[in-house]
Amino acid sequence: MKLTATTDFGEHRLCEPGTRHIKPANRRSPREVELVEGRPIRSETATTGTDTKPMYLIRLASVEDREEALKMRGYVLYSLTEEKVDEYLEEDEYIVSDLVGLNVFLDESCSDQSSGSFEDMFVGNIRGVVLGSEMCAVPGLGQDLLEIALPSSHGGQSENLVLVPFVPEIVCNVDLDGKMVMITPPNGLLDLSYRREEKVRIKGLLPASIMKR
């Protein structure tokens, strides 16, 4: 079976035998499958800096012939989130799920920030990561951004978000054990907050954009 990889660890997750999970397009939950073997057809190295995704040829234990494989067109193959790939990470590389939820603070040690209390140095909580590839159509030009939820004046998180470039000049230190990130943002960056628009869909009704008379 041929498949296009969206993971950064294709050779580990798509070539090493073991249990994986597969989900048809019309199902909510994936089911277990056994990956027997796999090899790259178009490697990650060959696609670096391009808009082409890596491609792999895999064999599943439950798929015996081409006809069965064709029936699985559009299926999505998953790995479990608890499958750690830390040994494959390079220096200053992180898994997105490990960053989400970390607290963000201003770092006095590598900035001109004036000394303040713990509360004064608190910036917010990482809500998500916006990948550079999603922001820029030109491969290699986009920069990953940390989406930070700012604190509310009444306590807890507010709905206001701010995007902080995930670059060494701004993100001084990432402490996964301490569950915190230290940043030195340029003046005015944290003032560029926004609110994410939530699209509400009422069950049983079509969105207005596709309704017809």
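Which residues does Val-181 touch, not counting residues up to four places away in sequence? In this predicted model, Val-181 touches Leu-102, Asn-103, Val-104, Phe-105, Ile-126, Val-171, Asn-173 and Val-174, where contact means heavy atoms within 4.5 Å. Residues are numbered from 1 along each chain as its sequence is written. Because the model is predicted, local features need pLDDT of at least 70 and side-chain atom pairs count only at pLDDT 80 or more, while totals for chains, interfaces and linings use all residues; side-chain values use heavy atoms, with hydrogens and water left out.

The protein chain contains six helices and twelve strands; these are DSSP runs numbered from the N terminus, with helices (H or I) of at least four residues and strands (E) of at least two. Among contacts in the chain with a separation of 6 or more, 51% are between residues 24 or more positions apart.

Seven strands form an open sheet in the order β10-β11-β6-β7-β8-β9-β12, and the pairing is mixed. Strands β10 (171-175) and β12 (194-195) stand at the edges with a single partner strand each, so one side of each has no neighbour in the sheet. Two strands are taken to pair if DSSP finds at least two bridges between them. The strands β10 and β11 run antiparallel and are joined by four bridges, with Asn-173 having Met-182 in β11 as its bridge partner. These two strands form a hairpin with four residues between them, and Lys-179 in the turn has a positive phi of about 55 degrees. The pairing of β6 with β11 is parallel and extends over four bridges; here Leu-106 has Ile-183 in β11 as its bridge partner. Strand β9 (residues 157-165) pairs with β12 in the antiparallel sense over two bridges, and Asn-160 stands opposite Arg-195 in β12.

The loop between β11 (180-183) and β12 contains Pro-185. Pro-185 is buried, its relative accessible area being 10%. Although Pro-185 and Asp-107 are 78 residues apart in sequence, their C-alpha atoms are 9.3 Å apart in space.

The largest nonpolar core has 21 residues, of which Leu-146, Ile-148, Val-181 and Ile-183 touch the most other members. Two or more residues of this core come from each of β6 (103-106), β7 (122-130), β8 (145-151), β9, β10 and β11. A second, separate core has twelve residues, including Leu-3, Ile-22, Leu-35 and Tyr-56. In both cases the core is a set of buried Ala, Val, Leu, Ile, Met, Phe, Trp, Tyr and Cys residues joined through side-chain atoms within 4.5 Å.

His-21 lies in strand β2 (residues 18-23) and counts as buried at 13% relative accessibility. Apart from neighbours within four places in sequence, His-21 is in contact with Pro-30, Arg-31, Glu-32, Val-33, Val-76, Leu-77, Tyr-78 and Leu-80. Glu-83 is placed in the loop between β5 (76-78) and α4 (96-99). With neighbours within four places again left aside, the contacts of Glu-83 are His-12, Arg-13, Thr-19 and Arg-20. Glu-83 and Arg-13 are separated by 70 residues in sequence and by 9.2 Å in space, C-alpha to C-alpha.

The structure holds one salt bridge, defined as a side-chain nitrogen of Lys or Arg within 4 Å of a carboxyl oxygen of Asp or Glu. The side chains of Arg-59 and Glu-37 meet in this salt bridge, at 3.1 Å from N to O. The pair links distant parts of the chain, 22 residues apart, with Arg-59 in strand β4 (residues 55-60) and Glu-37 in strand β3 (residues 31-42). Arg-59 counts as partly exposed at 42% relative accessibility, and Glu-37 likewise counts as partly exposed at 43%.

Definitions and conventions. Buried < 20%, exposed > 50% of the residue type's maximum accessible area, 1.4 Å probe, protein only.
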